[in-house]
Amino acid sequence: MSDYKEYVNAVNKLFDCVNIMKKKWDSQDNLSHLANIEDYKQDVIDVSKKLKNGSNNKVEELGQ
């Protein structure tokens, strides 16, 4: 499996889990933490585009 496919599968699983947790948890603190995770969604999408285009940059740049 290509790096791009592995990355997309992992990201999809992560955000699927976040959505499930948002439905199950009613604590405002937990919902706030989940919202913080979702703040990175666009960054994740941008990195996936770079992987798809064959950019030489590594996935680690997401943390920068």
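Which helices do the buried residues of H1 pack against? I looked this up, and the buried residues of H1 pack against helix H2 (28-38) and H3.

**Ground rules**

I am working with a predicted model, where local features need pLDDT of at least 70, side-chain atom pairs count only at pLDDT 80 or more, and totals for chains, interfaces and linings use all residues. Residues are numbered from 1 along each chain as its sequence is written, and side-chain values use heavy atoms, with hydrogens and water left out.

**Overall layout**

I looked up the elements of the protein chain and found 3 helices and 0 strands. Helices (H or I, at least four residues) and strands (E, at least two) are DSSP runs, numbered from the N terminus. From that terminus on, the order is α-α-α.

Next I checked burial. The protein chain has 64 residues, and 14% of them count as buried. Buried means under 20% relative accessible area, exposed means over 50%, and partly exposed lies in between (1.4 Å probe, protein chains only).

Then I turned to contacts, meaning heavy atoms within 4.5 Å. I took those in the protein chain between residues at least 6 apart in sequence, and 39% of them join residues at least 24 apart.

**Helix H1**

I checked the length of H1 against its residue count. The expected span of a helix is 1.5 Å times one less than its number of residues. For the 22 residues of H1 that should give 32 Å, and the end C-alpha atoms are 32 Å apart, which agrees.

Which residues of H1 are buried? I noted Tyr7, Val11, Phe15 and Val18. Seen down the axis of H1, these buried residues fall within an arc of 55°, so they line one face of the helix. The arc is that of the directions from the helix axis to the C-beta atoms. On the face of H1 turned away from the buried side I found the exposed residues Lys5, Lys13, Lys23 and Lys24.

**Helix H3**

I repeated the length check here. The 12 residues of H3 should span 16 Å at 1.5 Å a residue, and the end C-alpha atoms are 17 Å apart, which agrees.

The buried residues of H3 are Val44, Val47, Ser48 and Leu51. Down the axis of H3 they fall within an arc of 105°, so they line one face of the helix. I also looked up their partner: the buried residues of H3 pack against H1. Just after H3, I noted that Gly54 takes a positive phi of about 80°.

**The core**

Which residues make up the largest nonpolar core? I listed 6 residues in all: Tyr7, Val11, Phe15, Val44, Val47 and Leu51. Helix H1 (3-24) and helix H3 (41-52) each supply at least two residues of this core. A nonpolar core is a set of buried Ala, Val, Leu, Ile, Met, Phe, Trp, Tyr and Cys residues joined through side-chain atoms within 4.5 Å.

**Rings**

I looked for a charge over a ring (NZ of Lys or CZ of Arg within 6 Å of the ring centre and within 35 degrees of the ring normal). The charged end of Lys41 sits over the ring of Phe15, 5.1 Å from its centre.

Tyr4 is in helix H1. With a relative accessible area of 27%, Tyr4 is partly exposed. Not counting residues up to four places away in sequence, Tyr4 touches Ser48, Leu51 and Lys52. Tyr4 and Leu51 are 47 residues apart along the chain, yet their C-alpha atoms are separated by 5.5 Å.

Lys22 is also found in helix H1. I read 36% relative accessibility, and Lys22 counts as partly exposed. Leaving out residues up to four places away in sequence, Lys22 touches Leu31, Leu34 and Glu38.

Where does Trp25 lie? I found Trp25 in the loop between H1 and H2. Trp25 counts as partly exposed at 38% relative accessibility. With residues up to four places away in sequence not counted, Trp25 touches Asn30, Leu31 and Leu34.
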